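Please look over the model below before reading the points.

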Amino acid sequence: SKGENMLNTSLLDKKKKYLLGVSGGPDSMALLDMMHEYSICVAHVNYNLRDDTEEDYKVVHDYCKAHNIPFYYNAFYQEVYKKEQCDALCLGHQKDDVIETIYMHLERDSHPDYLGIQEVSRRLGMTIIRPLLHVTKQELRDYCDEHHILFHDDYTNFQTEFTRDRIRNTILNQYTDSQKEELLKKGEEYNKKQAIKKQEVDKFLTEPLDYTLVPKELLPDVLYALLKKHIEVSKISHHLIDEII
């Protein structure tokens, strides 16, 4: 089926158990439908950003009931993950989310370890898999329509007070496909460079660190990598690294 092509099945394993984070929007409902033959359970978290969250809940709840899928409401992902002994958490982020994220990083001139969104990452003791990063939001809406999957549109997407929504609605919806591809390319090039740099940095990462062995231009990166093992990333500033040097 068309869904199989959309889902990056190389990241998944029929023998494993997955927790799906499902909001009720088209992306995560498409993901849920594409994965309903895997061993899954579902968590729906209500962030209460809007007045109509009742409908989100109903869409997800009804789908799970119809397909006999264990459904958890307002439980933290880590709790359900542990309780159900899952191998990974799957989320419905898609290509438009990747483009927005790259744009936001570039606009802020932040230098993350990875530009965009990773298909596989680790957080809070969980493996997180995003099997839809190569698919656009429109393709996922079309999938839901074709397969008669009910979803509920998140209307904060049409208001502009949140940064990400502002970018989505005022900037990126004006972008041509080739401008979007350009952003994705930038992300790819950046991530290739980062991967090479990481290999370089890792060579010098010993504890205690002999900083005399580290080439001068790599020192900030080596210190950053070392600090990151011990303190929160948000607390590591350029200023702190300069002070240490």
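Which residue forms a salt bridge with D62, and how far apart are the closest N and O atoms?

1. The partner is K58, and the closest N and O atoms of this salt bridge with D62 are 2.6 Å apart. A salt bridge here is a side-chain nitrogen of Lys or Arg within 4 Å of a carboxyl oxygen of Asp or Glu. D62 and K58 are four residues apart in helix α3 (residues 53–66), and are therefore separated by about one helical turn. D62 is partly exposed, with a relative accessible area of 32% (buried means under 20%, exposed over 50%, partly exposed in between, with a 1.4 Å probe and protein chains only).

2. On the source: this is a predicted model, in which local features need pLDDT of at least 70 and side-chain atom pairs count only at pLDDT 80 or more, while totals for chains, interfaces and linings use all residues. Residues are numbered from 1 along each chain as its sequence is written, and side-chain values use heavy atoms, with hydrogens and water left out.

3. The structure holds ten salt bridges. One of them joins K17 to E84, with the closest N and O atoms 2.5 Å apart. This pair links distant parts of the chain: K17 lies in strand β1 (residues 17–21), and E84, 67 residues away, in the loop between α4 (77–83) and β4 (88–90). Helices (H or I, at least four residues) and strands (E, at least two) are DSSP runs, numbered from the N terminus. K17 is partly exposed at 22% relative accessible area, whereas E84 is buried at 15%.

4. E200 and K203 also form a salt bridge, their closest N and O atoms being 2.8 Å apart. Both are in helix α8 (residues 177–204), three residues apart, so about one helical turn separates them. E200 is partly exposed at 32% relative accessibility; K203 is exposed at 59%.

5. How do helices α2 (residues 26–34) and α6 (residues 137–146) meet, and at what angle do their axes cross? The axes come within 9 Å and cross at roughly 55 degrees (axes are lines fitted to C-alpha atoms, for helices over the stretch in contact, and angles run from 0 to 180 degrees between N-to-C directions). The contact (heavy atoms within 4.5 Å) involves P26, D27, M29, A30, D33 and M34 of α2 and K137, L140, R141, Y143 and C144 of α6.
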